Amino acid sequence: MSDQFQNSPEMFLNLNVRGLPQSATLAINEISQKLEKSGRHIYKLGLGQSPFPVPDPVVQELRANAHRKLYLPVKGLPELRDSVANYYHRTQRLECIGEDVLIGPGSKELMFLLQLVYYGDLVIPTPSWVSYAPQANIIGRHVRWLATDPNNDWRLTSDELEVLCKEDPGRPRIVILNYPANPTGRTYPEDELKSLANVARKNRVVLLSDEIYGELHHEGKHISIARFYPEGTIVSGGLSKWCGAGGWRLGTFVFPKSLHWLMDAMAVVASETFTSTSAPIQYAAVRAFHGGIQIERYLWNSRRILKALGDHIANKLKTSDIKVSCPQGAFYLFPDFKKYKKQLHKRKILTSDMLCDRLIQEAGVAILPGTVFGRESSELTARLSYVDFDGTRALAASEQIPPEKILDEQFLTHYCGHTLDAIDELINWIQK
Ligand SMILES: Cc1ncc(COP(=O)(O)O)c(C=O)c1O
């Protein structure tokens, strides 16, 4: 027997691809679990999962379709592709039809396929979601980071995009935009989307618009850049965040006609890898994208809770001299602890990685360092996701409160108290 088969199973857990460790979000989860096993209480503000249940009509539909056992077409169930196209037409006025839609087992997988079949550079504004760059690295694609300005709320400006395009005009590139954003919770105003769209059009840049948190815009006012640059934008979405169904694994891409060749190439790879997305999930997803009053109510209450909690936490952090913007969508905050730099340096905490490591070890609060979102390690930023509460309970309670009422501190303490405790622990620790 060769050596590798005699090694312990743990050895295989440490194997990595092209020098990449496992994803940072999963790693922090593992540290949390280890500490918990040793009897410590851990506040889990590291992982970005929706706290809310899947809406009941969608669950019912899954139940009713559990018997579906055949492979489906590689690009997706035709009814679902139509339902997704209708959804984007209804919510964003996009001129798309079912044939423009590709279904996959999570938008993450679709992003990977896109990078595999596209030959150009990947442009990633920072801070940005943890998996874009590792995917490019696995495939061997060139990544071009574009640092954004904290004073511009970490948003890419059209001037910054223009400068990049002028460096090497005509170079094929995909620029990823993600809004409402993971990790900042911020989004683009309409005029900035228009300016970015103009620069992208002028320079024939392909945009991958990651709108997985679109429905979790806290005011329900998400605008897709595809409205202003329909011919060059691929819109990415799925059930994971707004429908509370991350584990169901269903993602969607909507392509303009001019980029159907990319969709077709992705479908070829899909046919040789995952074949098609789970059949019962696709049938249930038809119901989710169809919408209706029950889903609207679910979304309205989800947003109301996230807004109240996100604003409350952001204000608490601000009054403790931690720089942060109030979130506009999703369920993340991206605080900057730079005002505490001196004190932290005295405690031998020099980087955001050290900060997060010491925070979980000493205060039991799990958050993710800015480095995993592409920021410099000396910048003391981190992502905090405020979803460590029982979303089913909170949602049921919010539904009983009249719509004109704002959810007050009493509500938050009662239903999201655990997350608020975590913030107190964090503030106490940083001010030590
Ligand atoms: C910004 C962003 N995009 C995409 C994804 C992937 O979502 P999924 O693969 O579940 O569709 C996530 C998940 O955390 C995310 O935060």
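Modeller: Radius of gyration is taken over C-alpha atoms, and the globule rule is 2.2 Å times the number of residues to the power 0.38. This is a predicted model, where local features need pLDDT of at least 70, side-chain atom pairs count only at pLDDT 80 or more, and totals for chains, interfaces and linings use all residues. Residues are numbered from 1 along each chain as its sequence is written, and side-chain values use heavy atoms, leaving out hydrogens and water.

Biologist: Okay, what radius of gyration does the protein have, and why does it agree with a compact globule?

Modeller: The C-alpha trace spans about 60 × 55 × 55 Å along its principal axes. A compact globule of 432 residues would come out near 22 Å, so the protein agrees with the rule, having 22 Å.

Biologist: How many of the 432 residues are buried, as a percentage?

Modeller: Buried means under 20% relative accessible area, with a 1.4 Å probe and protein chains only. Pro180 is one example, at 0%, and Cys416 is another, at 1%. Across the protein, the buried share is 56%.

Biologist: How many disulfides does the count come to?

Modeller: A disulfide needs two cysteine sulfur atoms within 2.5 Å. Take Cys326: its closest cysteine sulfur is in Cys416, 16 Å away, so that's too far for a bond. The disulfide count is zero.

Biologist: Which helix gives the most to the shell around the ligand?

Modeller: The shell counts residues with a heavy atom within 4 Å. There are 14 of them, with Ser107, Asp210, Tyr213, Ser240 and Arg249 the closest. Helices here are DSSP runs (H or I, at least four residues; strands are E, at least two), and with three residues, the one giving the most is H6.

Conventions: Buried < 20%, exposed > 50% of the residue type's maximum accessible area, 1.4 Å probe, protein only.
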